[in-house]
Amino acid sequence: MIPATLRISLIAAVICYFIVILYFLKQRALNLKYTLLWLVAGFVMGLLVAIPELLVAIIRLFGIQDNMNGLFIFMIGFIILILLSLTSIASRQNGKLRKLTQELAILDKRVRELERNPAAQAGGNGGESGQMQEGQKDA
């Protein structure tokens with residue numbers, strides 16, 4: 001169904017795709033747990049290039065008459081799944097960033113309070129050490 005030269009070109013493209021993914025993984029440009037999504041995408045592409053009859057069978061299963069329409073629908077659905085996954089990842093990272101920012105603000109406030117009240121640093125009990133220093137000054 002697919003001409004031999006096109007199939008060879010597509011197989012070479014899928015191999016290049018895997019090389020790029022593995023390069024990004026090695027350079028730590030992609031996190032290991034997120035790389036799985038891209039590896040699955042590459043595996044599906046490679047499977048469909050190696051066995052094009054599988055794509056035709058899936059398209060016929062959904063009742064789509066034209067192979068190209070089925071391919072476009074299949075790819076658009078796959079892209080939507082990838083976008084949904086990436087949106088989920090971005091949302092989780094946003095939540096983590098917000099939590100870290102809040103924790104940093106709390107720690108910054110504590111540091112400023114300790115810098116303003118050196119008696120709390122020395123005594124450890126806060127107000128008691130300050131009272132003892134005042135009493136010692138009177139004596």
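Phe-43 sits in helix H2, which covers residues 32-50 (helices are DSSP runs of type H or I with at least four residues, numbered from the N terminus). Welcome to a predicted model, where local features need pLDDT of at least 70, side-chain atom pairs count only at pLDDT 80 or more, and totals for chains, interfaces and linings use all residues. Residues are numbered from 1 along each chain as its sequence is written, and side-chain values use heavy atoms, with hydrogens and water left out.

**How the helices pack**

- Two packed helices are described by the angle between their axes and the distance between the axes.
- Helix H1 (residues 4-26) and H2 have axes that come within 10 Å and cross at roughly 170 degrees (axes are lines fitted to C-alpha atoms over the stretch in contact, with angles from 0 to 180 degrees between N-to-C directions).
- H1 and H2 are therefore roughly antiparallel (over 145 degrees; under 35 is roughly parallel, 65 to 115 roughly perpendicular, and the rest oblique).
- Their contact (heavy atoms within 4.5 Å) includes Val-14 and Phe-18 of H1 along with Trp-38 and Phe-43 of H2.
- H2 also packs with helix H4 (residues 67-116), at an angle of about 175 degrees and with the axes 11 Å apart.
- H2 and H4 are therefore roughly antiparallel to each other.
- Among the residues making this contact are Trp-38 and Val-44 of H2, and Phe-78 and Ile-82 of H4.
- Helix H3 (residues 52-61) meets H4 at about 90 degrees, their axes being 10 Å apart.
- That makes H3 and H4 roughly perpendicular.
- Here the contact is formed by Leu-55, Val-56, Ile-59 and Arg-60 of H3 with Asn-67, Gly-70, Leu-71 and Phe-74 of H4.

- Phe-43, Leu-47, Ile-51 and Leu-54 make a nonpolar surface patch of about 340 Å² (patch residues have over 30% relative accessible area and no salt bridge; like charges are joined within 9 Å, and nonpolar side chains, namely Val, Leu, Ile, Met, Phe, Trp and Tyr, within 5 Å).
- Areas come from the Shrake-Rupley method with a 1.4 Å probe, and for residues only the protein chains shown count as cover.
- Phe-43 is exposed, at a relative accessible area of 55% (exposed is over 50%, buried under 20%, partly exposed in between).

- Asp-108 pairs with Arg-112, the closest N and O atoms being 2.7 Å apart.
- Asp-108 and Arg-112 are separated by about one helical turn, because they lie four residues apart in H4.
- Asp-108 is partly exposed at 36% relative accessibility, and Arg-112 is partly exposed at 38%.

Methods:
Salt bridge = Lys/Arg side-chain N within 4 Å of Asp/Glu carboxyl O. Helix = DSSP H or I, 4+ residues; strand = E, 2+ residues; numbered from the N terminus. Buried < 20%, exposed > 50% of the residue type's maximum accessible area, 1.4 Å probe, protein only.
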